[in-house]
Amino acid sequence: MKILVCVKQVPDTESPLEINRDKTWISETDRMAFRMSRYDEYALEEAILIRESLPGTTVDAVTVGPARAAAVVKKSLEKGADNGIHVVTDESGYCPPAVTARLIAEHAGANAYDLILAGVMSEDCMQGLTGPMIAALLSIPCAASVISEAPGPDSGTLTVECEYDGGSSETAVISLPAVLTIQSGINRPRYPSLSNVLRAKSQEILTVSASVPGNSTETESILSIDHAHKSQAGVFIQGTPDEKAEQLLKVLHENSFI
Amino acid sequence: MNILIVADAADNRLLQPYTELVTLAEMLRQNSSGRIYLCFHGTDVSEEAERAASNTGCEVIGLQSEHLRYHNPEAMKEIIPLLAEEFECEYICLPHSIYSCQVAAATAVRLNASCITSVESLSQQGQDTVFCRSIFNGKITVKLLPCTGRKVLTMLPGAFPGHEHTGSGGSCTVRDIEADTSSYSTTGVSTQAAADSSLDEADVIISAGRGIGKMENIRILQEFARIFSGSAIGASRIVCDNDWLPYSRQVGITGKTVAPGLYVACGISGSQQHISGMKGSRCIISINIDPDASIFSVSDFCIVEDLTTFIPLVIEKYHKNCKSDKKH
């Protein structure tokens, strides 16, 4: 089986976020740390688990992003992916899912993958669109928010369990080739192994410059971004930890919780 | 300017937040004379279609097929773009959910339309309608401007009020659909697994987020929970993904929605997914080491502290105060 895993590099959400001068994206300061989007880690691990159970399977990892995004392709190799592809864009700002999806579909279409995995959404933009858009562009079916997958009743199918909102889930049979978007908790992503880290050091990543087929007009653009409006209603309890603790107990007592 | 609402349904009944979608559609239509179409799927939809037409005033289209008993995203990917074109709809509106985002994504690709998910509000920029949503775990809001003739939107549940229809009923039609399940077939559905009813019954929920750091620190929250009567421990998704607490404890969009008298969020950053599951709580207190955590924007009381040192301090003071009260 030939598997493609889509991984995205995102700013570490624990880093403080500053908005750039024209308010069109966050500004990339030197302090900003980047890493692989958490949901994509689960997708990559799932691909490697499939490879371990199905000899002859290969796992390719692809990212769409600026030069610094090569780091998540390298990380994918360190975690065990066989090959890495970096579709390099000029933009370090917001890339609409439709554009990312077209670039990945272009690569995937030329390389006949049986299975394409992606995180259910990205940790930064949380749209949940890129995976389903890739499927639509390739005219293949898509299962979203997968929390378990296994070979299906017939060859060339998978049985998937999809977790929906409110804690309900649905089981489905999907035919290959297909896109699966992966929900967190499906597995426990492994740490890079020493042998893979060494291999990744010298392994070449296929670097492709972005060329969107047809007209590359964006479907939507960012007008402006801003820090979320902080509600006026909340009270920040002040003072030393000791004073805050006393104040908290007072609040709880006054509201008859204790 | 016409609008197509694609509502979710189960067992031939419309699912909320379909009335909120009607409100959104009316806002998009503004004063123009466009029509609002509302479609939904099922195996036997005529009764529900009639009911929906009379209580929304929309032109309701029931999509009927044996193969639409359950979610069939592959079939909807074919049907919805065709309906949007047939009825010349500028906007296609769906509720924000994992299933609907699949349908939205494929519809946008097929129609070469823009696609914006989890819309929280609208605003005007000259002639254009601009859509607002959150990114970076709710820390940043972004205004998006669609650049295409057609627009596909998914609406964040709870962001728009439910529509109260007072006028005359709309029309309704039932269409028998050619759908198949050859590439994707739902074989079963299950509602929430025997979840801990303790979350539903609790007056006080002490909830663990990534900030607890490691599984061993859960006991700090358990000790804290003991000072309240009728309390239970909840969790954000990432705590469950890490196996620190079972998924039956998860509060949020893919877990439980709770509304206790008191919700104490400990080390929870406050993603949209989590907040939507607890914002109905009567009193919300949040403890987080990050002063910019989004959870603070929905909290009544905010404490910027490291919970692993702060909560034990609170527990210690509580017991000390109890002892000194007893002396009196």
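Which domains does the domain assignment give for chain B? There are two: domain 1 (2-176) and domain 2 (197-327), with bounds that come from an automatic or database domain assignment. Keep in mind that this is a predicted model, where local features need pLDDT of at least 70, side-chain atom pairs count only at pLDDT 80 or more, and totals for chains, interfaces and linings use all residues. Residues are numbered from 1 along each chain as its sequence is written, while chains are lettered from A and ligands numbered from 1 in the order in which they are written.

**Inside chain B**
- The C-alpha centres of domain 1 and domain 2 of chain B sit 35 Å apart.
- Six residues of domain 1 of chain B touch eight residues of domain 2 of chain B, contact being C-beta atoms, placed from the backbone, within 7 Å.
- On the domain 1 side of that contact in chain B, you get no nonpolar, five polar and one charged residue. Here Ala, Val, Leu, Ile, Met, Phe, Trp, Tyr, Cys and Pro count as nonpolar, Asp, Glu, Lys and Arg as charged, and the others, Gly among them, as polar.

**Chain A against chain B**
- Between the chains, 62 residues of chain A contact 79 residues of chain B.
- Strand 12 of chain A brings the largest share of chain A's side, eight residues; helices (H or I, at least four residues) and strands (E, at least two) are DSSP runs, numbered from the N terminus.
- Chain A's side splits into 32 nonpolar, 20 polar and ten charged residues.

**Strands across the chains**
- Strand 13 of chain A pairs with strand 18 (residues 301-304) of chain B in the parallel sense, over two bridges; pairing takes at least two bridges found by DSSP.
- Phe236(A) has Cys302(B) as its bridge partner in strand 18 of chain B.

Note on methods: Contact = placed C-beta atoms within 7 Å.
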